[in-house]
Amino acid sequence: MSRPVRTSEFRRRMGLAEFTPPASSHQIKAPNVEMCGNHPEYPQRTETVNHPLLPRITDTRLDRFFTGAYASQHLDECLARARFSGSPHVKLTVWSAPNGGKPSFDEAIRSLSEAEEQEIGVGFVFGLSWTNHWVKCELSIPEGMRNTGEQVIFEFDPSCEAMVYSTDGTPIHGITGGPNTMKDGSPGEQEDRRVEHIIPAKAVKAGKYTCYVEVTCNGMFGLGPSRYLHPDANRTFPLISADIVLPNPHARGLRTDFRILAEVSRHPSAKATGLAQKALKACDDIMNAFIRGEGQTAEELDEVLQRCRRIGWKVLGKLGKEEVQSLAVWKTEKDRPAEIWAIGHCHIDTAWLWRYTHTQQKIARSWTSQVDLMDRFPGHQFAASSAVQYHWLETLYPKAFARVADYVKKGRFHAVGGAWLEHDCMMPSGESLIRHYLYGQRYFKEKFGVVCREAFLPDTFGYASQLPQILRSAGLNYFFTQKISWNNINVFPYNTFNWAGIDGTQVLAHMTPVDGYNGQCTFGEIIKGIQNNKNLGVTDQCLFLFGNGDGGGGPTPAMIDRLERLDSLARTNPGVPTLKIGSPIDFFDDLCRQSEGGKTLPTWRGELYLELHRGTYTTQACIKKGNRDMETLLRDLEYFATLASLAAGSYEYPTTEIREIWQEMMLGQFHDCLPGTTIKAVVEDNLEIYSRRSDQARKLLDSALAVLRTGEEGTTVIEPLRLAREEVHESAPGQYKWLSTNASGLGALSSPSDLTLPSAASDGSTYTVSNARYTVTLSSKRITSIFDKLNSREIIAPGVGTSSAGFMIYEDYPLTYDAWDAEIYHLQMGKEVEFDKVEVKEEGGMRASLVASVNFGKSSAKLIISLDATTPSTVASTPIHVVAEIDWREQHRFLKFALPLDIHSAYATYGTQFGVIERPTHRNTTIDQAKFEVCAHGFADLSEAGYGVAIACRDKYGYAVEGNTMRLSLVRAPTSPDPETDQGYHSIPFAIMPHARHVAESDIVQQTLRYTNQPYILPGSYSLPTVTVSGDASSGIVVETIKRGEDDEATGTKTVLLRLYESKGGRARGVLNLADFKVKEAEWANVLEQTLEGDEGKCEVTESQGAWSVALDMRSFEIRTLRLVVE
Ligand SMILES: [Zn+2]
């Protein structure tokens, strides 16, 4: 290895004289001073020592620029020029609303003025949890601040949420107090804190200012001791500050500049282009220029700060007042091309870790904060969904609503989504999904003249396969989400794509590559908007929603300031994504143009299955049952009330009441309610709504039925879905009658002579129950055999995880989200539950039953298995009735019913809204593996050619078919956010329905409708207008909803709407027969009840002797709405 040789040594070795610099070189000046042409002269010699940038040292130093051990040397020490607290400048008096009340402004101010004055100051403690306190704030502006011409701020931090009101009761903006923390409570970048109220310039000059603050004792994420936990009822919140502050705008500006530069300096993609190094150098230079000398005057400090800012601007681009006001957040640049379309947003969960009553306050706080920002930043725009949230603002905060409505009119506050709220998509019925858009679109049209064209469901837990068809029928061509990016197994392959439902209807879908809806306006987010975009070949555009969300808040001024810097950075540095402020609808229209109407985009068919939150199909059984009960009751109420209004001119269809019931019960369909992921108080609120609204609906239904009643004699059976039935009916516990209805749904109770009765028996170790169709055998503490006599088949065979039928129990400890998730590994932690005891419950007669019982853990459960009497015409469709009665006292256990079958098929079929979908039973790929727990409506079925078995259940939604084993999920026991989730008694009826032929060729859809719906057994005789469908190829057609038109009251026209769908997945033809409907006109309509344009709306109706008929020709899974004008 050779040693490095110094120049002098080299010269000596070579026999050369020592080098002596020429005398003239002493006169060489500092570099870059003398110019040679256009280039600086490169000096011959130098004695200068330049300190190179040492990245690790500078990087460590970045975070210490703001705050740390050397208080006087940190930027955060300069943010205010002056600050005054307490007397004589700040006088605060408080009145606390008693009993946890939420008084209006007027009530509160009256009480505040009448109450004995209670003066408070910093350190006062508000409490307890959820209570409201009204503070009158009387400010005397210090002399020195009155004529500076600068902004003066009232900083009020109650360490919880609050709202500032003007003295005339106008809500001005929200306050989110407390430390500047991440959502999990750790200190971080997320600037949730918003505690500054700008004192109007006029009041500053006058020296006096008064405002009111409503302090509400909860944090942005409720009151859990940490994320997603049950709220602490005893929390208190200290008043941290109530100060008059004169901010230093230069220091604040520098702070934002520096934070963006620091982030850029650390970002891997900026490192690849050299931008990171430039940013780090700028940070280093800023920190070196930030010198706080002894006795520094305010002017000197300002000079230092401005010098520092100018250093940063070499990278960020100029950010003087002039330049800033030409940037995106200050003016609308609709036609400017940009990669990132930024739009302010505030996801407010309609209920979650807080109740509806708290959400109402969150809406007012968050949205007034946005209109306040619009007043200050002329380019700021904001999008908010959920008609019900606007409705609450309108009714509870009319002055705030007027401010919002004004900006809606100006095209800056965008009402989006077209839905009543951001609903769950998996468990509401098809008709419920329609109602979200019917009532949502009607509200936006009526209040703002806005018809939404983009569906907006960023946080819903998966998207059902009929949603595209429902959306298109409601006028929505576009669909926005981000939730599928939460998949914990597979990365969804597209960001921008055509999403086609099971009938082929498509919507243009965008799933933002930013993977979130609570953007903070960071460099990393806008880079992700490009780097994570999987469809760059077609479009490099993405939608970027920024603003604090979930618990409300929305964009903060700090975010808008950061957006300014990012915009400026992009204008100065090619390679940084360009951005602009733009509305979702403009974004989608542009996308549609760019993709030639979607032609250049890939297409995804079928459901958008979320590979997460699979426990939500089961958690909080009471909400799912309550929702299903309401959906059924409302369907029946609308049907009977419509018939009553046709039968008697004097009967007034209760349009308003029905709409109000729908709208309140739909709160429970919010994307945390129906999935069961809210705190307990919200569960209780929903149960109260169900109870109150179902009482009201039943009364209305009884009055409608009373109109249809024609006599006192006998008993009438009315089947609300107009299904022909023949079956055993349990009229009272242990008492059975034979029930039959005809194709128009009318029938009676009877005692047919050709019944074959069932029987149950035991030899002490084997228990059997039999009827003309089946023999079910329990032996060895499990259900070991179900023999189908009609088809000569044993249906049970050893399967996945079990070789017999019965309960299975699993350990259920998900990774992160307790109420939400059941993870794939729970399936490997399950075991069969063996019955302790089996007994014959009913030996025979119309029904024979066995009851098998078991105690496990702290719980007990029974399985009652019953077979019914049959006639020759019912033997092929009689089900095996099962009731699971469970006293559930477990935690983190998952109870299911498993049925291993002697059936071989790679796919199982599941009921869904307005149709069925197939999912794999194999686990070939990770996409198949992810679907280990899925959502179904009504039934799941495993069929092979010639034969199949379905399990039908009315209000359970979690199913799985793995290999040859079917599982129905019965009950879970997560402990957060509700520590007592699903504890107590559950009665879960379900049916096992073996059938000849493959499911697609069977009548399982009709059998399920019969099993999951109950006929009405009514004393007296009834006469009703009837609706039937006839024709050989019509078996797939279901007429579900029959209702009166929403506009009938306003227009005076009498209309009837019928919702039909093809349920099996094939072409269906038939005739719709309407007796006693007095049809004047018939048209095809959309789900908004508007007649379809052109030929699409034309509908031939023929009349013959008081019966009207309409020819039906329906596509596979088509949903149609028939609008009749009647006399
Ligand atoms: Zn949400």
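**Figure 1. A cluster of aromatic rings in the predicted model.** Ring pairs link W367, F382, Y390, F401, F413, W420, Y443, F444 and F448 into a cluster, and this view, like those that follow, is taken from a predicted model rather than from an experiment. Across the structure as a whole, the number of aromatic pairs comes to 45. One member of the cluster, Y390, is also among the buried residues of helix 12, which spans residues 387–396.

Figure 2. Along helix 12 (residues 387–396), the residues that are buried are A387, V388, Q389, Y390, W392 and L393. The elements that cover these buried residues include helix 11 and helix 13 (398–409), together with strand 16 (382–384), strand 17 (413–415) and helix 14 (430–448). As background to this view, an α-helix has 3.6 residues a turn, so residues three or four places apart point the same way.

**Figure 3. The zinc site.** Four protein donors surround the zinc ion, namely H347 and H671 through NE2 and D349 and D459 through OD, and they lie 1.9 to 2.1 Å from the ion. The arrangement is irregular, because the angles subtended by the 4 donor atoms around the zinc ion run from 89 to 160 degrees, whereas a tetrahedral arrangement would need all angles to lie between 85 and 135 degrees. For reference, the ideal angle for four tetrahedral donors at a metal is 109.5 degrees. Along the chain, the donors of the zinc ion follow the spacing H-x1-D-x109-D-x211-H. D349 is in the loop between strand 15 (340–345) and helix 11 (356–376), while H671 is in the loop between helix 20 (655–665) and helix 21 (680–708), so this pair ties together parts that are 322 residues apart in sequence. D349 counts as buried, because its relative accessibility is 1%, and H671 is likewise buried, with a relative accessible area of 0%.

**Figure 4. Two aromatic pairs between separate parts of the chain.** Among the 45 aromatic pairs of the structure is the one formed by F65 and F258, which is tilted, with 4.3 Å from centre to centre and 35 degrees between the planes. In the pair of F105 and Y165, the ring centres are 5.2 Å apart and the planes stand at 25 degrees, so the pair is stacked. Because F105 belongs to helix 3 (residues 105–114) and Y165 to strand 9 (residues 161–165), this pair ties together parts that are 60 residues apart in sequence. F105, at 11% relative accessibility, counts as buried, and Y165, at 4%, does so too.

**Figure 5. Lysine side chains over tryptophan rings.** In one of these contacts, K483 lies over the face of W486, at 3.3 Å from the ring centre. In another, the charged end of K580 sits over the ring of W341, at 4.1 Å from the centre of that ring.

Figure 6. The peptide bond from G127 to L128 is cis, with omega near -5 degrees, and L128 is placed in the loop between strand 6 (125–127) and strand 7 (132–140). The bond from S976 to P977 is also cis, with omega near 10 degrees, and P977 is found in the loop between strand 47 (965–971) and strand 48 (984–996). D550, a residue other than glycine, has a positive phi near 80 degrees; D550 sits in the loop between strand 22 (542–546) and helix 17 (557–572) and, at 7% relative accessibility, counts as buried. K1078, which is likewise not a glycine, has a positive phi near 50 degrees and lies in the loop between strand 53 (1068–1075) and strand 54 (1079–1085). With a relative accessibility of 44%, K1078 counts as partly exposed.

**Figure 7. An annotated span of the chain.** An unreviewed UniProt entry places the feature "domain: Glycoside hydrolase family 38 central" at residues 611–690. In the predicted model, the end C-alpha atoms of residues 611–690 lie 30 Å apart, and the span is 61% helix and 0% strand.

Conventions
Residues numbered from 1 in each chain as written. Predicted model: local features only at pLDDT ≥ 70, side-chain atom pairs only at ≥ 80, totals over all residues. Heavy atoms only, no water. Donors = N, O, S within 2.8 Å, 3.2 Å for Na, K, Ca; no water. Tetrahedral: all angles 85-135°; square planar, octahedral: opposite > 155°, others 65-115°. Helix = DSSP H or I, 4+ residues; strand = E, 2+ residues; numbered from the N terminus. Buried < 20%, exposed > 50% of the residue type's maximum accessible area, 1.4 Å probe, protein only. Phe/Tyr/Trp six-rings, centres within 6.5 Å; stacked < 30°, edge-to-face > 60°. Lys NZ or Arg CZ within 6 Å of the ring centre and 35° of its normal. Contact = heavy atoms within 4.5 Å. UniProt positions renumbered as here; feature names shortened; annotations may be inferred.
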